[in-house]
Amino acid sequence: MRVLVIGNGGREHALAWKLAQGERVSQVYVAPGNGGTARDEQIETVPIGMTDVKALADFAVEQKMTLTVVGPEVALAAGVVDEFRSRGLRIFGPTKAAAQLESSKAFAKDFMKRHGIPTAAYETFSDAAAAHAYVDGRGAPIVIKADGLAAGKGVVVAMTLAEAHEAISWILEDNKLGVTHNAGGARVVIEDFLEGEEASFIVVCDGKHVVSLATSQDHKRLLDGDAGPNTGGMGAYSPAPVVTPNVHAKVMHEIIQPTITGMARDGHPFTGFLYAGLMIDEHGQPRTVEFNTRMGDPETQPIMMRLKSDLFELMMHATDGTLDEVELQWDRRVALGVVLAAEGYPLNPRKGDAISGLPEDDDEAMVFHAGTAMVDGQLVTSGGRVLCVTALGESVRTAAQSAYELATGIQFAGRQYRSDIGHRAIKR
(Lines give C-alpha, C1' and ligand atoms only; values in the text may rest on other atoms or scores of the structure.)
Protein backbone atom coordinates (compact mmCIF):
# COMPACT_ATOMS: atom_id res chain seq x y z
CA MET A 1 0.00 0.00 0.00
CA ARG A 2 1.30 3.45 -0.94
CA VAL A 3 0.41 6.50 1.15
CA LEU A 4 0.79 10.20 0.41
CA VAL A 5 0.97 12.81 3.18
CA ILE A 6 0.43 16.42 2.11
CA GLY A 7 2.38 19.04 4.07
CA ASN A 8 5.81 20.21 5.18
CA GLY A 9 5.68 20.63 8.96
CA GLY A 10 6.26 18.72 12.17
CA ARG A 11 2.71 17.40 12.09
CA GLU A 12 3.30 15.86 8.66
CA HIS A 13 6.65 14.36 9.66
CA ALA A 14 4.95 12.69 12.66
CA LEU A 15 2.02 11.42 10.58
CA ALA A 16 4.36 10.04 7.90
CA TRP A 17 6.59 8.42 10.55
CA LYS A 18 3.57 6.68 12.11
CA LEU A 19 2.01 5.67 8.78
CA ALA A 20 5.31 4.09 7.71
CA GLN A 21 4.97 1.66 10.64
CA GLY A 22 1.75 0.22 9.17
CA GLU A 23 1.93 -3.50 8.45
CA ARG A 24 0.41 -3.12 4.99
CA VAL A 25 2.28 0.07 4.04
CA SER A 26 5.07 -0.34 1.49
CA GLN A 27 5.97 3.32 0.87
CA VAL A 28 5.11 6.74 2.34
CA TYR A 29 5.51 9.92 0.29
CA VAL A 30 5.39 13.46 1.68
CA ALA A 31 4.68 16.50 -0.51
CA PRO A 32 6.59 18.75 -0.27
CA GLY A 33 8.16 17.49 3.00
CA ASN A 34 11.11 19.04 4.85
CA GLY A 35 14.70 18.32 5.84
CA GLY A 36 13.61 15.66 8.31
CA THR A 37 11.45 13.69 5.89
CA ALA A 38 14.27 13.91 3.33
CA ARG A 39 16.65 12.26 5.82
CA ASP A 40 14.22 9.45 6.73
CA GLU A 41 14.86 6.27 4.74
CA GLN A 42 11.23 5.16 5.15
CA ILE A 43 9.88 8.36 3.58
CA GLU A 44 10.21 9.80 0.08
CA THR A 45 9.77 13.55 -0.41
CA VAL A 46 7.99 14.88 -3.47
CA PRO A 47 8.54 18.48 -4.69
CA ILE A 48 4.89 19.44 -5.15
CA GLY A 49 3.39 22.44 -3.36
CA MET A 50 0.68 21.92 -0.74
CA THR A 51 -1.89 24.01 -2.64
CA ASP A 52 -1.13 22.65 -6.13
CA VAL A 53 -4.14 20.38 -5.86
CA LYS A 54 -4.20 19.24 -9.50
CA ALA A 55 -0.51 18.26 -9.48
CA LEU A 56 -0.99 16.41 -6.20
CA ALA A 57 -3.95 14.49 -7.62
CA ASP A 58 -2.01 13.73 -10.81
CA PHE A 59 0.84 12.31 -8.70
CA ALA A 60 -1.60 10.18 -6.67
CA VAL A 61 -3.03 8.74 -9.89
CA GLU A 62 0.39 8.10 -11.45
CA GLN A 63 1.77 6.39 -8.35
CA LYS A 64 -1.45 4.46 -7.64
CA MET A 65 -1.78 5.83 -4.09
CA THR A 66 -3.96 3.75 -1.80
CA LEU A 67 -4.54 6.66 0.56
CA THR A 68 -3.76 10.36 0.90
CA VAL A 69 -3.75 12.12 4.29
CA VAL A 70 -3.93 15.91 4.40
CA GLY A 71 -1.87 17.67 7.06
CA PRO A 72 -2.20 21.47 6.77
CA GLU A 73 -5.20 23.77 6.67
CA VAL A 74 -3.98 25.62 3.55
CA ALA A 75 -4.35 22.49 1.41
CA LEU A 76 -7.85 21.88 2.77
CA ALA A 77 -8.88 25.48 2.13
CA ALA A 78 -7.53 25.11 -1.42
CA GLY A 79 -9.98 22.25 -2.01
CA VAL A 80 -7.56 19.34 -2.25
CA VAL A 81 -10.15 16.88 -0.88
CA ASP A 82 -12.74 17.99 -3.45
CA GLU A 83 -10.22 17.54 -6.29
CA PHE A 84 -9.15 14.06 -5.15
CA ARG A 85 -12.72 12.87 -4.62
CA SER A 86 -13.75 14.14 -8.05
CA ARG A 87 -11.17 11.70 -9.46
CA GLY A 88 -12.24 8.79 -7.29
CA LEU A 89 -9.12 8.95 -5.10
CA ARG A 90 -9.20 7.93 -1.44
CA ILE A 91 -8.29 10.92 0.73
CA PHE A 92 -8.72 11.68 4.42
CA GLY A 93 -9.77 15.23 5.27
CA PRO A 94 -12.74 17.61 5.05
CA THR A 95 -14.03 19.25 1.89
CA LYS A 96 -13.35 22.95 1.27
CA ALA A 97 -16.87 23.78 2.51
CA ALA A 98 -16.46 21.76 5.72
CA ALA A 99 -12.97 23.20 6.28
CA GLN A 100 -14.57 26.62 6.77
CA LEU A 101 -14.82 25.62 10.44
CA GLU A 102 -11.15 26.61 10.52
CA SER A 103 -10.59 28.81 7.48
CA SER A 104 -13.27 31.28 8.64
CA LYS A 105 -13.55 32.21 12.31
CA ALA A 106 -16.79 34.04 11.49
CA PHE A 107 -18.27 30.91 9.87
CA ALA A 108 -17.28 28.82 12.91
CA LYS A 109 -18.71 31.25 15.46
CA ASP A 110 -21.98 31.60 13.53
CA PHE A 111 -22.16 27.80 13.24
CA MET A 112 -21.66 27.34 17.01
CA LYS A 113 -24.29 29.95 17.80
CA ARG A 114 -26.77 28.35 15.40
CA HIS A 115 -26.27 24.85 16.83
CA GLY A 116 -26.03 25.74 20.53
CA ILE A 117 -22.38 24.75 20.96
CA PRO A 118 -20.85 26.46 24.03
CA THR A 119 -18.40 29.24 23.12
CA ALA A 120 -17.59 32.85 24.01
CA ALA A 121 -19.87 35.77 23.08
CA TYR A 122 -18.62 37.57 19.96
CA GLU A 123 -19.15 40.11 17.18
CA THR A 124 -17.64 40.29 13.68
CA PHE A 125 -16.35 43.46 12.01
CA SER A 126 -14.87 44.57 8.69
CA ASP A 127 -14.88 48.26 9.62
CA ALA A 128 -11.91 49.20 11.82
CA ALA A 129 -13.63 52.18 13.48
CA ALA A 130 -16.57 50.01 14.52
CA ALA A 131 -14.22 47.33 15.85
CA HIS A 132 -12.24 49.89 17.88
CA ALA A 133 -15.49 51.31 19.31
CA TYR A 134 -16.74 47.83 20.26
CA VAL A 135 -13.52 47.06 22.13
CA ASP A 136 -13.73 50.38 24.00
CA GLY A 137 -17.24 49.50 25.10
CA ARG A 138 -16.43 45.89 26.01
CA GLY A 139 -13.11 46.42 27.82
CA ALA A 140 -10.12 44.15 28.32
CA PRO A 141 -9.04 41.39 28.48
CA ILE A 142 -10.56 40.54 25.13
CA VAL A 143 -9.68 38.25 22.20
CA ILE A 144 -9.07 39.49 18.64
CA LYS A 145 -9.16 36.90 15.83
CA ALA A 146 -8.46 37.25 12.14
CA ASP A 147 -11.16 35.77 9.91
CA GLY A 148 -8.74 33.81 7.78
CA LEU A 149 -5.76 31.48 7.92
CA ALA A 150 -2.62 32.84 9.58
CA ALA A 151 -0.54 29.74 10.45
CA GLY A 152 -1.62 29.82 14.09
CA LYS A 153 -0.68 33.48 14.55
CA GLY A 154 -4.04 35.12 13.78
CA VAL A 155 -5.25 35.27 17.39
CA VAL A 156 -4.31 37.98 19.87
CA VAL A 157 -5.32 37.60 23.51
CA ALA A 158 -5.29 41.29 24.45
CA MET A 159 -4.87 41.89 28.17
CA THR A 160 -5.12 45.68 27.71
CA LEU A 161 -7.16 47.98 25.46
CA ALA A 162 -3.95 49.18 23.81
CA GLU A 163 -3.08 45.60 22.78
CA ALA A 164 -6.62 45.09 21.45
CA HIS A 165 -6.52 48.25 19.32
CA GLU A 166 -3.08 47.31 17.99
CA ALA A 167 -4.35 43.84 17.00
CA ILE A 168 -7.35 45.30 15.17
CA SER A 169 -5.03 47.59 13.21
CA TRP A 170 -2.67 44.70 12.46
CA ILE A 171 -5.47 42.58 11.03
CA LEU A 172 -7.80 45.09 9.35
CA GLU A 173 -5.34 47.75 8.20
CA ASP A 174 -1.71 46.53 8.06
CA ASN A 175 -2.08 42.74 7.90
CA LYS A 176 1.10 42.33 9.94
CA LEU A 177 0.00 38.82 10.92
CA GLY A 178 0.09 37.60 7.32
CA VAL A 179 -3.57 36.59 7.20
CA THR A 180 -4.99 34.98 4.08
CA HIS A 181 -8.23 36.95 4.01
CA ASN A 182 -11.47 35.28 2.97
CA ALA A 183 -13.85 36.48 0.26
CA GLY A 184 -15.07 39.98 1.01
CA GLY A 185 -11.77 41.19 2.42
CA ALA A 186 -10.36 41.58 5.91
CA ARG A 187 -12.65 40.78 8.84
CA VAL A 188 -12.02 40.42 12.53
CA VAL A 189 -13.90 38.41 15.15
CA ILE A 190 -13.84 39.96 18.61
CA GLU A 191 -14.89 37.71 21.47
CA ASP A 192 -15.04 37.69 25.23
CA PHE A 193 -12.02 36.42 27.14
CA LEU A 194 -12.62 33.02 28.73
CA GLU A 195 -11.07 32.08 32.07
CA GLY A 196 -9.79 28.55 32.62
CA GLU A 197 -7.27 26.01 31.35
CA GLU A 198 -6.86 25.18 27.68
CA ALA A 199 -6.80 21.69 26.21
CA SER A 200 -6.75 20.19 22.73
CA PHE A 201 -9.47 17.66 21.97
CA ILE A 202 -8.95 15.94 18.62
CA VAL A 203 -11.21 13.32 17.05
CA VAL A 204 -11.29 11.31 13.82
CA CYS A 205 -14.58 11.61 11.88
CA ASP A 206 -16.02 9.68 8.95
CA GLY A 207 -19.12 11.85 8.47
CA LYS A 208 -21.23 9.95 11.03
CA HIS A 209 -18.98 8.18 13.52
CA VAL A 210 -16.30 9.63 15.78
CA VAL A 211 -13.22 8.16 17.48
CA SER A 212 -11.44 10.40 19.98
CA LEU A 213 -7.66 10.58 20.05
CA ALA A 214 -5.60 10.97 23.22
CA THR A 215 -6.04 14.35 24.88
CA SER A 216 -3.24 16.90 24.83
CA GLN A 217 -2.34 20.41 25.91
CA ASP A 218 -0.54 22.93 23.73
CA HIS A 219 1.53 25.90 24.94
CA LYS A 220 0.68 28.82 22.66
CA ARG A 221 2.67 31.64 24.24
CA LEU A 222 6.28 32.20 23.21
CA LEU A 223 7.81 32.58 26.68
CA ASP A 224 7.92 30.72 29.99
CA GLY A 225 4.98 31.23 32.31
CA ASP A 226 2.62 31.66 29.34
CA ALA A 227 3.97 35.13 28.60
CA GLY A 228 4.74 36.84 25.29
CA PRO A 229 2.90 36.68 21.96
CA ASN A 230 0.76 33.82 20.73
CA THR A 231 2.53 31.39 18.41
CA GLY A 232 1.59 28.29 16.44
CA GLY A 233 2.62 26.33 19.57
CA MET A 234 5.86 26.04 21.57
CA GLY A 235 5.31 22.52 22.89
CA ALA A 236 2.68 20.02 23.92
CA TYR A 237 2.14 16.91 26.00
CA SER A 238 -0.33 14.04 26.17
CA PRO A 239 -2.49 13.14 28.02
CA ALA A 240 -3.89 16.38 29.49
CA PRO A 241 -4.96 15.85 33.14
CA VAL A 242 -7.46 18.73 32.92
CA VAL A 243 -9.61 16.54 30.62
CA THR A 244 -11.05 14.27 33.27
CA PRO A 245 -13.45 11.45 32.31
CA ASN A 246 -16.35 13.78 33.23
CA VAL A 247 -14.98 16.61 31.07
CA HIS A 248 -14.35 14.14 28.22
CA ALA A 249 -17.98 13.03 28.31
CA LYS A 250 -19.20 16.64 28.33
CA VAL A 251 -17.02 17.54 25.35
CA MET A 252 -18.30 14.60 23.32
CA HIS A 253 -21.96 15.29 24.25
CA GLU A 254 -22.01 19.12 24.13
CA ILE A 255 -19.40 19.96 21.49
CA ILE A 256 -18.21 17.13 19.24
CA GLN A 257 -21.46 15.28 18.52
CA PRO A 258 -23.50 18.48 17.94
CA THR A 259 -20.78 19.68 15.55
CA ILE A 260 -20.83 16.47 13.48
CA THR A 261 -24.65 16.44 13.47
CA GLY A 262 -24.82 20.15 12.67
CA MET A 263 -22.36 19.98 9.79
CA ALA A 264 -24.32 17.10 8.22
CA ARG A 265 -27.59 18.99 8.71
CA ASP A 266 -26.08 22.07 7.05
CA GLY A 267 -25.07 20.02 4.02
CA HIS A 268 -21.35 19.71 4.82
CA PRO A 269 -20.77 16.23 6.34
CA PHE A 270 -17.47 16.37 8.20
CA THR A 271 -14.77 13.82 7.49
CA GLY A 272 -11.21 14.18 8.73
CA PHE A 273 -9.52 15.30 11.93
CA LEU A 274 -11.67 17.68 13.97
CA TYR A 275 -9.76 19.64 16.59
CA ALA A 276 -11.70 21.47 19.27
CA GLY A 277 -9.57 23.95 21.16
CA LEU A 278 -11.16 24.06 24.60
CA MET A 279 -11.21 26.35 27.60
CA ILE A 280 -12.19 24.41 30.73
CA ASP A 281 -13.31 26.50 33.70
CA GLU A 282 -12.85 25.78 37.40
CA HIS A 283 -16.17 23.89 37.47
CA GLY A 284 -15.07 21.50 34.68
CA GLN A 285 -17.30 23.13 32.08
CA PRO A 286 -15.71 23.10 28.59
CA ARG A 287 -16.30 25.83 26.01
CA THR A 288 -15.01 25.99 22.46
CA VAL A 289 -12.25 28.51 21.79
CA GLU A 290 -11.86 27.48 18.14
CA PHE A 291 -12.12 24.64 15.68
CA ASN A 292 -9.31 23.33 13.50
CA THR A 293 -10.05 20.91 10.69
CA ARG A 294 -6.76 19.02 10.93
CA MET A 295 -4.41 17.66 13.56
CA GLY A 296 -2.74 20.22 15.78
CA ASP A 297 0.94 21.04 15.60
CA PRO A 298 2.76 20.36 17.95
CA GLU A 299 0.05 18.14 19.53
CA THR A 300 0.40 15.56 16.75
CA GLN A 301 3.95 14.70 17.76
CA PRO A 302 3.23 13.48 21.33
CA ILE A 303 -0.08 11.92 20.27
CA MET A 304 1.61 9.87 17.54
CA MET A 305 4.33 8.81 20.01
CA ARG A 306 1.62 7.35 22.27
CA LEU A 307 -0.55 5.72 19.58
CA LYS A 308 0.01 1.95 19.56
CA SER A 309 -2.66 1.17 16.95
CA ASP A 310 -1.94 1.13 13.21
CA LEU A 311 -2.60 4.66 11.90
CA PHE A 312 -2.99 3.43 8.32
CA GLU A 313 -5.78 1.04 9.32
CA LEU A 314 -7.48 3.86 11.28
CA MET A 315 -7.39 6.08 8.18
CA MET A 316 -8.79 3.29 6.02
CA HIS A 317 -11.73 2.82 8.40
CA ALA A 318 -12.28 6.58 8.44
CA THR A 319 -12.44 6.75 4.64
CA ASP A 320 -14.68 3.64 4.51
CA GLY A 321 -17.17 5.11 7.02
CA THR A 322 -16.56 2.28 9.51
CA LEU A 323 -15.04 4.09 12.49
CA ASP A 324 -17.68 2.47 14.70
CA GLU A 325 -15.59 -0.73 14.37
CA VAL A 326 -12.41 0.91 15.76
CA GLU A 327 -10.99 0.90 19.27
CA LEU A 328 -7.59 2.56 19.63
CA GLN A 329 -4.74 1.39 21.87
CA TRP A 330 -2.49 3.88 23.64
CA ASP A 331 0.84 3.79 25.44
CA ARG A 332 0.01 4.49 29.10
CA ARG A 333 3.06 6.73 29.41
CA VAL A 334 3.21 10.49 28.91
CA ALA A 335 4.67 11.98 25.73
CA LEU A 336 6.00 15.53 25.75
CA GLY A 337 7.33 17.65 22.91
CA VAL A 338 9.50 20.79 23.12
CA VAL A 339 9.61 23.10 20.10
CA LEU A 340 12.95 24.64 19.13
CA ALA A 341 12.17 27.86 17.27
CA ALA A 342 14.22 30.19 15.11
CA GLU A 343 15.42 33.62 16.14
CA GLY A 344 12.72 36.22 15.47
CA TYR A 345 9.83 33.76 15.72
CA PRO A 346 6.84 34.29 15.54
CA LEU A 347 6.78 37.50 13.47
CA ASN A 348 10.16 37.50 11.66
CA PRO A 349 11.90 34.11 11.90
CA ARG A 350 15.44 33.95 10.56
CA LYS A 351 16.24 31.20 8.06
CA GLY A 352 19.37 29.49 6.82
CA ASP A 353 21.15 28.71 10.11
CA ALA A 354 23.03 25.39 10.22
CA ILE A 355 21.66 22.75 12.60
CA SER A 356 23.92 20.34 14.50
CA GLY A 357 23.77 17.90 17.42
CA LEU A 358 20.73 15.90 16.33
CA PRO A 359 20.44 12.68 18.38
CA GLU A 360 19.63 9.26 16.99
CA ASP A 361 15.88 8.59 16.84
CA ASP A 362 14.51 5.66 18.80
CA ASP A 363 11.23 4.29 20.18
CA GLU A 364 11.50 6.42 23.32
CA ALA A 365 12.36 9.77 21.72
CA MET A 366 11.99 11.38 18.29
CA VAL A 367 13.03 14.70 16.83
CA PHE A 368 10.30 15.71 14.40
CA HIS A 369 11.27 18.31 11.81
CA ALA A 370 9.17 21.31 10.85
CA GLY A 371 11.11 24.32 9.55
CA THR A 372 14.16 22.50 8.19
CA ALA A 373 15.69 21.98 4.75
CA MET A 374 18.68 20.21 3.25
CA VAL A 375 20.96 22.66 1.41
CA ASP A 376 24.11 21.24 -0.18
CA GLY A 377 24.09 18.35 2.28
CA GLN A 378 23.69 20.61 5.33
CA LEU A 379 20.53 20.68 7.43
CA VAL A 380 19.44 24.32 7.96
CA THR A 381 16.54 26.24 9.44
CA SER A 382 13.80 27.17 6.96
CA GLY A 383 10.89 28.31 9.15
CA GLY A 384 9.79 29.63 12.52
CA ARG A 385 9.27 26.39 14.40
CA VAL A 386 12.31 24.33 13.47
CA LEU A 387 12.12 21.06 15.46
CA CYS A 388 9.94 19.33 18.04
CA VAL A 389 11.93 17.14 20.43
CA THR A 390 9.47 14.54 21.72
CA ALA A 391 10.02 11.93 24.43
CA LEU A 392 8.07 9.32 26.42
CA GLY A 393 8.22 9.07 30.20
CA GLU A 394 6.44 7.54 33.18
CA SER A 395 5.25 11.02 34.21
CA VAL A 396 5.08 14.53 32.77
CA ARG A 397 8.19 15.40 34.76
CA THR A 398 10.28 12.46 33.48
CA ALA A 399 9.09 12.94 29.88
CA ALA A 400 10.07 16.60 30.14
CA GLN A 401 13.50 15.73 31.56
CA SER A 402 14.19 13.36 28.65
CA ALA A 403 13.00 15.85 26.02
CA TYR A 404 15.01 18.73 27.47
CA GLU A 405 18.18 16.65 27.75
CA LEU A 406 17.98 15.99 24.02
CA ALA A 407 16.92 19.56 23.18
CA THR A 408 19.91 21.16 24.88
CA GLY A 409 22.29 19.17 22.69
CA ILE A 410 20.80 20.48 19.44
CA GLN A 411 22.39 23.69 18.23
CA PHE A 412 21.62 26.43 15.71
CA ALA A 413 22.18 30.18 15.91
CA GLY A 414 19.35 32.07 17.62
CA ARG A 415 17.68 28.90 18.92
CA GLN A 416 14.87 29.66 21.38
CA TYR A 417 12.55 27.43 23.36
CA ARG A 418 10.42 27.39 26.48
CA SER A 419 11.83 25.64 29.54
CA ASP A 420 8.46 24.92 31.19
CA ILE A 421 6.48 22.71 28.80
CA GLY A 422 4.05 20.62 30.88
CA HIS A 423 4.20 22.99 33.87
CA ARG A 424 0.44 22.92 34.53
CA ALA A 425 0.40 19.14 34.85
CA ILE A 426 3.57 19.06 36.96
CA LYS A 427 2.00 21.48 39.45
CA ARG A 428 -1.09 19.30 39.89
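# Reading salt bridges, burial and charge

Guide: In this predicted model, the side chains of Asp331 and Arg333 meet in a salt bridge, 2.8 Å from N to O. Residues are numbered from 1 along each chain as its sequence is written, and side-chain values use heavy atoms, with hydrogens and water left out. As the model is predicted, local features need pLDDT of at least 70 and side-chain atom pairs count only at pLDDT 80 or more, while totals for chains, interfaces and linings use all residues.

Visitor: What is a salt bridge?

Guide: A salt bridge is a side-chain nitrogen of Lys or Arg within 4 Å of a carboxyl oxygen of Asp or Glu.

Visitor: Is Asp331 buried or exposed?

Guide: Buried means under 20% relative accessible area, exposed over 50%, and partly exposed in between, with a 1.4 Å probe and protein chains only. Asp331 counts as buried because its relative accessibility is 12%. Arg333, at 18%, counts as buried too.

Visitor: Where does Asp331 lie?

Guide: Helices (H or I, at least four residues) and strands (E, at least two) are DSSP runs, numbered from the N terminus. Asp331 lies in the loop between helix H12 (311-320) and E20. In sequence, Asp331 and Ala214 are 117 residues apart, yet their C-alpha atoms are 9.9 Å apart in space.

Visitor: How many salt bridges does the structure hold?

Guide: The count is 24. One of them joins the side chains of Arg24 and Glu313 at 2.8 Å, N to O. Arg24 lies in the loop between H1 and strand E2 (27-32) and Glu313 in helix H12, so this pair ties together parts that are 289 residues apart in sequence. Arg24 is partly exposed at 39% relative accessibility, and Glu313 is partly exposed at 25%.

Visitor: Which residue forms a salt bridge with Arg138?

Guide: Asp192 does, with the closest N and O atoms 2.9 Å apart. Arg138 is in helix H8 (residues 128-138) and Asp192 in strand E11 (residues 188-192), so the pair ties together parts 54 residues apart in sequence. Arg138 is partly exposed at 45%, and so is Asp192 at 22%.

Visitor: Which residues are linked in a network of salt bridges?

Guide: Arg11, Glu12, Glu73, Glu102 and Arg294 are linked in such a network. Arg11 and Glu12 are among the buried residues of H1.

Visitor: Why is helix H1 largely enclosed by the rest of the structure?

Guide: Ten of the ten residues of H1 (residues 10-19) are buried, so the helix is largely enclosed.

Visitor: Which residues form a negative surface patch?

Guide: Patches are made of residues with over 30% relative accessible area and no salt bridge; like charges are joined within 9 Å, and nonpolar side chains (Val, Leu, Ile, Met, Phe, Trp, Tyr) within 5 Å. Asp and Glu count as negative. Here the patch is formed by Glu360, Asp361, Asp362 and Asp363. Asp363 is in the loop between strand E20 (334-341) and strand E21 (365-369), and is exposed at 66% relative accessible area. Ile355 lies in the loop between E20 and E21 as well, but is buried at 7%.

Visitor: How many helices and strands are in the protein chain?

Guide: The chain has 14 helices and 24 strands. Its radius of gyration, taken over C-alpha atoms, is 20 Å, close to the 22 Å that the globule rule gives for 428 residues, so the chain is as compact as a globular protein of that length. The rule is 2.2 Å times the number of residues to the power 0.38. Buried residues make up 59% of the 428 residues.

Notes: Areas by Shrake-Rupley, 256 points an atom, 1.4 Å probe, with all protein chains shown as cover. Charge placed at Lys NZ, Arg CZ, Asp CG, Glu CD.
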